[in-house]
Amino acid sequence: PTELSNLFHIHARRRSQRQTLSSDELRRLQCFDLCHTETSFGSDGLIECMVCLDDLKDGDRVCSVPCPGKHLFHATCIQTWLSEGAATCPCDQHDIQRALKS
């Protein structure tokens, strides 16, 4: 039990030290309603949100993050990821907070 308690403490401390995005930074993400004619899709014609792993469909609210891959995610998925998880792209670990500042 003591070892498990120590692990929880270490995990909580590391989580509190992670950088996340503020609500002001989240508002600076490029979000839009998805339309197949405006977006290039994979060879199979589909792309998926790499946070929830569901396909992105016409009409879904999505956000593009400022990383080299310009990855798309469901808006709610990436906003939760960046505000509660980490300030990096889930696909390539690019620092989104730094990219928004430049």
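Modeller: A residue is buried under 20% relative accessible area, exposed over 50%, and partly exposed in between, using a 1.4 Å probe and protein chains only. This is a predicted model, in which local features need pLDDT of at least 70 and side-chain atom pairs need pLDDT 80 or more, while totals for chains, interfaces and linings use all residues. Residues are numbered from 1 along each chain as its sequence is written, and side-chain values use heavy atoms, without hydrogens or water.

Biologist: Why does Cys67 count as buried?

Modeller: Cys67 has 4% relative accessibility, and the limit for buried is under 20%. Cys67 is therefore buried.

Biologist: What makes Cys31 and Cys63 a disulfide?

Modeller: A disulfide is a pair of cysteine sulfur atoms within 2.5 Å. The S to S distance from Cys31 to Cys63 is 1.9 Å, so the pair meets the rule. The count by this rule is one disulfide.

Biologist: Why is the disulfide of Cys31 and Cys63 called right-handed?

Modeller: The torsion about its S-S bond is about 85 degrees, and the handedness follows from that value.

Biologist: What does the pair of Cys31 and Cys63 tie together?

Modeller: Cys31 is in strand S1 (residues 30-33) and Cys63 in strand S2, so parts 32 residues apart in sequence are joined. Helices (H or I, at least four residues) and strands (E, at least two) are DSSP runs, numbered from the N terminus.

Biologist: How do you know that Cys67 is in no disulfide?

Modeller: Its nearest cysteine sulfur belongs to Cys89 and is 3.9 Å away, which is beyond the 2.5 Å limit.

Biologist: Which is partly exposed and which is buried, Cys31 or Cys63?

Modeller: Cys31, at 23%, is partly exposed. Cys63, at 0%, is buried.

Biologist: What makes a set of residues a nonpolar core?

Modeller: The members are buried Ala, Val, Leu, Ile, Met, Phe, Trp, Tyr and Cys residues joined through side-chain atoms within 4.5 Å. The largest core here has 20 residues, and Leu21, Leu29, Val65, Ile78, Leu82 and Ile96 touch the most other members. Two or more residues each come from S2 (61-64), S3 (72-74), H3 (75-85) and H4 (96-101). H3 gives the largest share, four residues.

Biologist: Which residues is Leu29 in contact with, beyond its neighbours within four places in sequence?

Modeller: They are Ser64, Val65, Pro66, Ile78, Leu82 and Ile96, where contact means heavy atoms within 4.5 Å.

Biologist: What covers the buried residues of H3?

Modeller: The cover includes helix H2 (23-27), S2, S3 and H4. The residues concerned are Ala75, Cys77, Ile78, Leu82 and Gly85. Cys77 qualifies as buried with 16% relative accessible area.

Biologist: How do you know that S2 and S3 pair?

Modeller: Pairing requires at least two bridges found by DSSP. Three bridges join S2 to S3, which run antiparallel, so the pair passes. In one of them, Ser64 is partnered with Leu72 of S3.

Biologist: Why are S1 and S3 called edge strands?

Modeller: The open sheet has the order S1-S2-S3 with antiparallel pairing, and S1 and S3 each pair on one side only.
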